[in-house]
Amino acid sequence: MSDVPAVKAALKSQAVETPSWAYGNSGTRFKVFAQPGVPRTPQEKLDDAAQVHAFTGVAPTVALHIPWDTVEDYGALAKYAEERGLKLGAINSNVFQDDDYKLGSVTHPDPAVRRKALGHLLECVDIMDATGSRDLKLWFSDGTNYPGQDDIAARQDRLAEALGAVYERLGEEQRMLLEYKFFEPAFYTTDVPDWGTAYAHCLKLGPKAQVCVDTGHHAPGTNIEFIVALLLREGKLGAFDFNSRFYADDDLMVGAADPFQLFRIMYEVVRGGGLTSGVAFMLDQCHNIEPKIPAIIRSVMNVQEATAKALLVDRDALARAQREGDVLGANAVLMDAYNTDVRPLLAEVREELGIAPDPMAAYRASGWAERIVAERVGGEQAGWGA
């Protein structure tokens, strides 16, 4: 049986990073749905993130997206976060929302466009220096829509050149996290379409380059936990972007589509030492029709529940069944853990952390939702257009 005090200690030490953009307005390709009380500035996003951390106890960092979170003084923004019990986390670059990037950014056939994109990536490292952030997260929408549109191998050369320049700029304690997505918005080839491509580039770059696994960026039926296990084994799993998908898109709440998959992923994380090896557990979600802060709180709770169940797996019994070739017995060990109601355990963990056992109820009772609706009148709400 699992050591309950050790399980509790692991849950208390887990940290889930929330994304600044999840607090703003978002939507589909066709419409952005504005909500009352949405932040108007990066500072107000941090105010909301502080509420998530206060009610969950395990969300102490906030990822920024540049230029969505551009400010004049990033050191001052870091201080603002610190005053609210937070730290600034990963810096996310944006080389996909400029007209110049229609045919790509760092893989664009025009050297001038490539220089512009690289300049932005290097600017993001400058911001990391000012905020004290450890991680630079890179996702490229670069790709092609039609056969013959561009040279596939040449685009990989351009990508490698840009990544190498950014890698050389990183400080000793900084990391590059390379994300992948198998399609969208490019429909014929994507320049970083899968974990293997990301891994190959990171392997050549060196130890400060690691792979970011976005749980929504895979074809249906992909065994994501196999990817997680392999990257952990190779020491190349740097981070997760947690979200869910049903069909072709992603960014739904983590665990919403397949909570069993999230459990399987977290078991491989636990088994592979990922809870203590510096892997960043980040949310990457857009809350289009649901209220922002409660959705983020629920997402953090979903990660906690999957982690708790993974920690409760009787690994001695599982190893014994595996050695004996007991197929059904081994599967039953995992299913017993998955079918455990861990909500009472997590309520105890929260009470021991000095917070309310039910984060959702505590947030509803706090009055914060009503307060921000009343106070955040005027100005321009944070978000992205469509």
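In the classes used here, Ala, Val, Leu, Ile, Met, Phe, Trp, Tyr, Cys and Pro count as nonpolar, Asp, Glu, Lys and Arg as charged, and the others, Gly among them, as polar. This is a predicted model, in which local features need pLDDT of at least 70 and side-chain atom pairs count only at pLDDT 80 or more, while totals for chains, interfaces and linings use all residues. Residues are numbered from 1 along each chain as its sequence is written, and side-chain values use heavy atoms, with hydrogens and water left out.

By these classes, the lining of the second largest pocket has eleven nonpolar, eleven polar and five charged residues. Of the 27 residues that line this pocket, A15, E17, P60, T61 and R134 lie nearest its centre. The elements α1 (4–13), α3 (74–83), β3 (87–92) and β10 (280–283) each supply at least two residues of the lining, and the largest share, four residues, comes from β3.

Turning to the helices, the axes of α9 (residues 292–311) and α13 (residues 359–366) come within 10 Å and cross at roughly 160°. Because angles over 145 degrees count as roughly antiparallel, with those under 35 roughly parallel, 65 to 115 roughly perpendicular and the rest oblique, α9 and α13 are therefore roughly antiparallel to each other. Where the two meet (contact means heavy atoms within 4.5 Å), I293, P294, I297, R298 and M301 in α9 face P359, M360 and Y363 in α13. The residues of this contact divide into seven nonpolar, no polar and one charged.

Key
Axes fitted to C-alpha atoms, helices over the stretch in contact; angles between N-to-C directions. 1 Å grid on protein atoms, 1.4 Å probe; cavity = no way out; pocket = protein on both sides within 12 Å on 5 of 7 lines; lining within 4 Å.
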